[in-house]
Amino acid sequence: MCAKGPADLALLALVAFASLVALILWLDNAQGGLTGNGIFKSIELKPWIADPAHAPLYAANYLFYPAYGALCRLLDSLGVLVDDPRRQLTILNAASAALCLCIVYALVRVLTGDRLVAWLAAFFHIACSYVLLLGITNEDIMPSYTVMLASMALASLWFARPTVGRMVAVSVLFSIGWLFEWRLMFPTLPAMLLALWFCEKRLPLRLAWIGLFLAGMVATAVLAAWTTRGHDSAVGALDLIWTAKAVESAWAGFSWAKVSYLSDGLAGYLLGTAITRVAAIPGWDIWRYSALAAMVAILAAAAPMLWRGRHDPRLRAISLVFGGTFVFGEVFNLYSQPQDPQMQINVMPWLTIGWALALLAAQQRWGRRPIAWLAALPALLLAYNVWSLSPQRGGDTAWRRAFETIAQKAGPARTVFLVHVFDWAYVYASLYAGPQEFGVDTLGPAPQALPKFKWIGFAHQALWHPDWSDERQAADMKRQIDRALELGYQVLVVRLWRIDQRQLEKDTNTIADGSRVAALREALHRDYVATPAFDDPVLGPIDRLQRKR
């Protein structure tokens, strides 16, 4: 990298971080309409901020809580969003995203030797919808993705000419990434091993480099376990390498429905969904097929260069590391949650590499002039994806006002809410009143002040007991509703009563199939009647549930 490289990196980091923070302030929605993970992570982070010596460790995110707890304490000391880890996470994620862009710039600069192409690659990366969204919200994937991306970049450059020091450095960095988020191991580990195998022609050295890489992984896990021994919920090295997180959960398993979710996850990585809000056009089809077509076009433009350079160990390494991570990652995603931005971000950076190679190919064929035109594409992509975020703007303020409405109109001490297990009402209630479990088995007669909000979860048992039959799931929901009514509570249904079968299936996502959703919905409408209670622009329609007579 030339003398301007460090200055470029510093400028890129500063501009990217400042721009992302500005977007965070503009959006006013730390969740970004994604999931409630950030709220629950912020609750789990609080012990690491207040009393890290006695805070519990979590095997699947072993380094995340200690690291982000320390960084939140730093932000507190600087007066930044003091005592508000939910929003502090957005600032830290913006910093992680800025570092990602520096990694992309450095990799492409070394790979191509072209400063402009490196800048445009970094610009393209942050313009991608999921990268942008996860860089300004409080999901927990960005720090682990940043470290994992750095290990992939170094592997792409160093596996072509490995040394013991380089191998150990990549292995340790890779291991730190999955110690932040355990599941990130699985897409990239086989890709790394493939790259080591095919970048070395001599069989003894192939085996030696692979053995050294795996030894570095184990040693890093052993060191992490050893340094935390005696801490609350500390585990051993083997339990870090295999935590079995979500392996037998409702999310796990292959199904044909997930193939459709996978196409949406791929499309969503590149494009936000603004086009789907335009009336009188098939917005979802245009969104899906245009995104996938753009990816195919980038691959088609980059593939010839990779093929011509197939004997170059560096190009071979980058193809296997990034391409392998994509292939293995999407198989893994088909088993879990292929539409989730957190599941796609770490397997899709090949697209940025492909974009950089496509730019280089265009420049080699037509000169520098087309680059100026192609430079407009990331700018348009970024503008479109910011536009896609606009419906989520002001979400934090809106939900705070919604819960003020609930307190006034619903009388929480005398009310049990029936909500979808993924409803935002439950998520934000955990923020304002602390986390509460679904279920009414421990409730006493109404009124009861604590817990402030009381919940029955539609499809809750589908999440926690996926092995139960449809009939048992429906019977348990009915049992909880009846108990709440017998104890003298009013049961208010949030949105669910007026949602049709198709929308319910979409909302329930991959944890229950159509027949299970139909059984739950049928039981609700068969045994109960609902009358309107009140409407809220954020919560949606609220209905009062009663038994049929």
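Student: Where is Asp140 found?
Tutor: This is a predicted model, in which local features need pLDDT of at least 70, side-chain atom pairs count only at pLDDT 80 or more, and totals for chains, interfaces and linings use all residues. Residues are numbered from 1 along each chain as its sequence is written, and side-chain values use heavy atoms, with hydrogens and water left out. Helices (H or I, at least four residues) and strands (E, at least two) are DSSP runs, numbered from the N terminus. Asp140 is found in the loop between helix H6 (129-134) and helix H7 (142-158).

Student: Is Asp140 buried or exposed?
Tutor: Buried means under 20% relative accessible area, exposed over 50%, and partly exposed in between, with a 1.4 Å probe and protein chains only. Asp140 has a relative accessible area of 5%, so this residue is buried.

Student: With which side chain does the side chain of Asp140 make a polar contact?
Tutor: A polar contact is a pair of N or O atoms within 3.5 Å; within protein, one must be able to donate a hydrogen and the other to accept it, and residues adjacent in sequence count only if both atoms are side-chain atoms. Contact in general means heavy atoms within 4.5 Å, and Asp140 touches Lys41, Asn61, Phe64, Glu181 and Gln342, not counting residues up to four places away in sequence. The polar contact, at 3.4 Å, is made with the side chain of Lys41.

Student: How many aromatic pairs does a search of the whole structure find?
Tutor: Rings of Phe, Tyr and Trp (its six-membered ring) pair if their centres lie within 6.5 Å; planes under 30 degrees apart count as stacked, over 60 as edge-to-face and the rest as tilted. By this rule, the search finds 28 aromatic pairs.

Student: Why is the pair of Tyr105 and Trp119 edge-to-face?
Tutor: The ring centres of Tyr105 and Trp119 are 5.7 Å apart. The pair links distant parts of the chain, as Tyr105 is in helix H4 (residues 85-112) and Trp119 is in helix H5 (residues 115-127), 14 residues apart. Tyr105 is buried at 0% relative accessible area, whereas Trp119 is partly exposed at 25%. The pair is edge-to-face because the planes of the two rings lie at 70°.

Student: What angle lies between the planes of Phe174 and Phe213?
Tutor: These two rings form an aromatic pair with a distance of 5.6 Å centre to centre. The pair links distant parts of the chain, with Phe174 in helix H8 (residues 164-180) and Phe213 in helix H10 (residues 203-227), 39 residues apart. Phe174 is buried, with a relative accessible area of 0%, and Phe213 also counts as buried at 0%. The pair is tilted, and the angle between the planes is 40°.

Student: How many residues of H4 are buried?
Tutor: H4 has 28 residues and reaches 40 Å from its first C-alpha to its last. This is close to the 40 Å expected at 1.5 Å a residue, where the expected span is 1.5 Å times one less than the number of residues. H4 is followed by Gly113, whose phi is positive, near 70°. The helix is mostly covered, and its buried residues number 23 of 28.

Student: What is the phi of Ala280?
Tutor: Most residues other than glycine have a negative phi. Ala280 lies in the loop between helix H12 (257-270) and helix H13 (283-308) and is exposed, with a relative accessible area of 85%. Although Ala280 is not a glycine, its phi is positive, about 70°.

Student: What is the radius of gyration of the protein?
Tutor: The radius of gyration is taken over C-alpha atoms, and the globule rule is 2.2 Å times the number of residues to the power 0.38. For 549 residues, a compact globule would have a radius near 24 Å. The protein agrees with this, at 25 Å.
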